[in-house]
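Work through the exercises below with the sequence and the model open. Try each task before you read its solution.

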Amino acid sequence: MRNLTGALLAGLLSTTFVSADPVDDKLVLNEETTLVTRTAAPAHLSGVLDEVMSGWLFRGTETRAMQTDDFDNPGMIFVDKGEDSWNAVEGTEGKSCASCHGGSEDMAGVRPVYPKFNEAAGEVRTLEMQVNDCRETQMGADKWKYTGGSMANMTALLASVSRGMPVNVAIDGPVQSTWDEGKELYYARTGQLELSCANCHEENFGNMIRADHLSQGQINGFPTYRLKNTKLNSVHARFKGCVRDTRAETYKPGSSEFVALELYVASRGNGLSVEGPSVRN
């Protein structure tokens, strides 16, 4: 009976989709740097998508404009906080992030390749996992909450110094099995509504569902400042919200399932520019 109810609800939901194409616009940052917001889909999406598009193209005029200028982008306030944390000495080792890595600008190129395989740990790590490992093993400091404010500020800082660089996440070699798991999760129907990530972001992107313009669900702009809750939102917090919307039991941020899903979803945006912190509804 539950499966039948879910199928009926999913069928009812599908009737509310109304066509509304993404805008034809260019994202020029601070009147200097043109970011890639649409490009040919990576080879592993052959037969699925011809083109990948940033969520920026699916937002309204005012929201898009906020992201074009750092003075108007509310997410940049949190980048400044991340910079403070970068230079703050914490922990038993008397170190800051800058003690080992230099200026935050020297981290340009890091965000585009995460999640990635960490050979020493023998696991796929997200940027949040790597930040916490550095805090514990190098600084002797306490871990941050995975989706907490301090972590979001730091990942926003690390994303900001890579804006304009193309996402380039590896999908083969030691990450292959994790990528495969993420792909399986992406296409798995869950919850009472029996919806998968693909149902909205692959099959119906560009359409309107109620008041929301469905994007491809690309994560090149994370962490993202959402006008809805007036704060930075991490990738796993958004995953959690999406799963919850299907009326399903969700995974925890930082779980192996969400790490795998992040790797797969990130790879779907290979070639798009890093935008974080972006601005979304």
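Predicted model: local features only at pLDDT ≥ 70, side-chain atom pairs only at ≥ 80, totals over all residues.

Residues are numbered from 1 along each chain as its sequence is written, and side-chain values use heavy atoms, with hydrogens and water left out.

**Exercise 1. The faces of H3**

Task: Find which residues of H3 are buried, and which are exposed.

Solution: 
- Locate helix H3 at residues 75–87. Helices are DSSP runs of H or I with at least four residues, strands are E runs of at least two, and both are numbered from the N terminus.
- Check its reach. From first C-alpha to last, H3 spans 19 Å, close to the 18 Å expected at 1.5 Å a residue. The expected span is 1.5 Å times one less than the number of residues.
- List the buried residues: Gly75, Met76, Phe78, Val79, Gly82, Ser85 and Trp86. Buried means under 20% relative accessible area, exposed over 50%, partly exposed in between (1.4 Å probe, protein chains only).
- Look down the axis. The buried residues of H3 fall within an arc of 150°, so they line one face of the helix. The arc is taken from the directions from the helix axis to the C-beta atoms.
- Turn to the other side of H3. Ile77, Asp80 and Asp84 are exposed there.

**Exercise 2. A pocket**

Task: State which helix supplies the largest share of the lining of the second largest pocket.

Solution: 
- Define the space. On a 1 Å grid over the protein atoms alone, a cavity is a set of points where a 1.4 Å probe fits but cannot get out; a pocket is an open set with protein on both sides within 12 Å along at least five of seven lines; lining residues have an atom within 4 Å of a point.
- Count the lining: 16 residues, with Trp86, His101, Met107, Gln130 and Cys134 nearest the centre.
- Assign the lining. H4, H5 (127–139) and H6 each supply at least two residues. H5 gives the largest share, 6 residues.
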